[in-house]
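Here is a briefing on selected local features of one protein model. Please look through the sequence and the coordinates before reading on.

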Amino acid sequence: MASSNTINSGTERRLESARISTEGLRGSSRIALVRDAAYDLFNLEADLDGAEPERVYADLRLRRGPAVSMVEVCTSWSIVRRTRARASASPTDHLLLYRIAEGGSTFRNARGEQFLTRPGSIVVGSQASAYTAAPAPGRHWKFRTLRIDAGRLPQVVDRVRRTGFQLLPEAGQIAALASEYLAGLEGRLAAMSPDELDPALQALDTLLAASLGAPADVLEDAGRAVHAARIASARGYIERLVSNPHLTPEHVGRHLGISARQVHRIFAREGLSVTLEIRRLRVARAQAMLMREPARSVTDIALACGFDSLATFYRSFRAVAGMTATEWRCEGTA
């Protein structure tokens with residue numbers, strides 16, 4: 001059975017959300033759902049090895065977008081295969097990033113190379129590449145997959161197409177950076193606007209290129225790309241929630257998937273304070289509203305922009321704009 005709804009991120013972007021589950025199904029219907037889901041979502045054949053129907057289960061949660069989709073998978077043991085024939089007939093050429101959540105698994109790619117995964121491992125490949133995989137005996141599948149339009153990852157797409165499925169290196173600074181960034185991206189994907197998504201995917205592309213053995217200077221580029229993506233995402237999040245008087249660096253950190261201390265650190269690299277940036281963006285919103293809505297009271301605008309008192313608003317406005325809100329409105333209508 002499956003259910004779906006839509007997730008809103010303001011008015012800029014809509015992600016379709018759906019769940020596919022064996023809950024409430026009986027007998028062969030459970031087996032059919034697992035096989036159909038493997039085929040429809042991943043272009044795979046699922047071999048259940050004669051499992052009893054009532055031991056077969058699946059709970060998959062999807063978020064579909066035009067450039068990026070995410071699937072959270074928890075399903076019973078099986079061997080999954082994408083044959084060369086099925087790979088060549090794939091209707092899309094998305095790149096896939098699997099991040100293992102629990103247990104471990106074996107992968108064999110089209111070149112016959114085999115590798116093992118563990119919790120935290122990241123496997124990258126193309127939806128048009130053949131492979132075979134299975135979780136550890138007696139274990140289930142539990143992982144997250146990002147399916148990304150291949151054109152959005154220009155630095156790595158040709159290499160991934162050429163080499164097929166591969167395990168990202170798990171040791172070293174770049175590996176830790178890639179893993180941390182991917183986990184944060186998964187966590188905030190549903191709330192991201194297109195303006196935030198573009199730099200986020202550029203950062204991911206650079207990180208993957210560094211992980212897959214691009215020149216050493218890419219590591220520095222990767223760090224800059226991640227920093228830029230985080231700043232853009234933080235500002236976008238603040239702008240969306242600027243009317244909330246309780247917005248704090250801790251909220252921003254949870255959105256980015258990092259600690260509040262790290263939030264302060266990334267803004268400090270820009271010579272900024274995150275607290276002052278929240279204040280600046282609130283004042284910017286108030287400035288626009290003062291011009292756009294001349295009949296609206298200053299008090300109403302102050303509260304609508306997240307200020308908890310008029311005193312705080314007046315003090316903040318003068319500090320940022322160099323004049324009072326009334327003077328700003330008068331200049332704009334003069």
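This is a predicted model: local features need pLDDT of at least 70, side-chain atom pairs count only at pLDDT 80 or more; totals for chains, interfaces and linings use all residues.

Residues are numbered from 1 along each chain as its sequence is written, and side-chain values use heavy atoms, with hydrogens and water left out. Helices (H or I, at least four residues) and strands (E, at least two) are DSSP runs, numbered from the N terminus.

**Hairpin β8–β9**

- Strand β8 covers residues 105–109 and pairs with β9 in the antiparallel sense, over four bridges. Pairing requires at least two DSSP bridges between the strands.
- Four residues separate β8 from β9 in this hairpin. G112 sits in the turn, with a positive phi of about 85°.
- R108 stands opposite Q114 in β9.
- In a regular strand the side chains alternate between the two faces of the sheet.
- Buried means under 20% relative accessible area, exposed over 50%, and partly exposed in between (1.4 Å probe, protein chains only).

- N43 has a phi near 60°. The residue lies in the loop between α1 (28–42) and β3 (45–47).
- N43 is buried, because its relative accessible area is 8%.
- D49 has a phi near 55°. The loop between β3 and β4 (58–64) holds D49.
- D49 is exposed, because its relative accessible area is 57%.

**Helix pair α8–α9**

- The axes of α8 (residues 260–268) and α9 (residues 274–292) come within 9 Å and cross at roughly 75°. Axes are lines fitted to C-alpha atoms, for helices over the stretch in contact; angles run from 0 to 180 degrees between N-to-C directions.
- α8 and α9 are therefore roughly perpendicular to each other (65 to 115 degrees).
- V263, H264 and F267 in α8 meet V274, T275 and E277 in α9. Contact means heavy atoms within 4.5 Å.

**Cysteines**

- How many disulfides are there? The count is zero, with a disulfide defined as a pair of cysteine sulfur atoms within 2.5 Å.
- C330 is in no disulfide; the nearest cysteine sulfur, that of C305, is 18 Å away.
- C330 counts as partly exposed, because its relative accessibility is 46%.

Note on methods. Angles under 35 degrees count as roughly parallel, over 145 as roughly antiparallel, 65 to 115 as roughly perpendicular and the rest as oblique.
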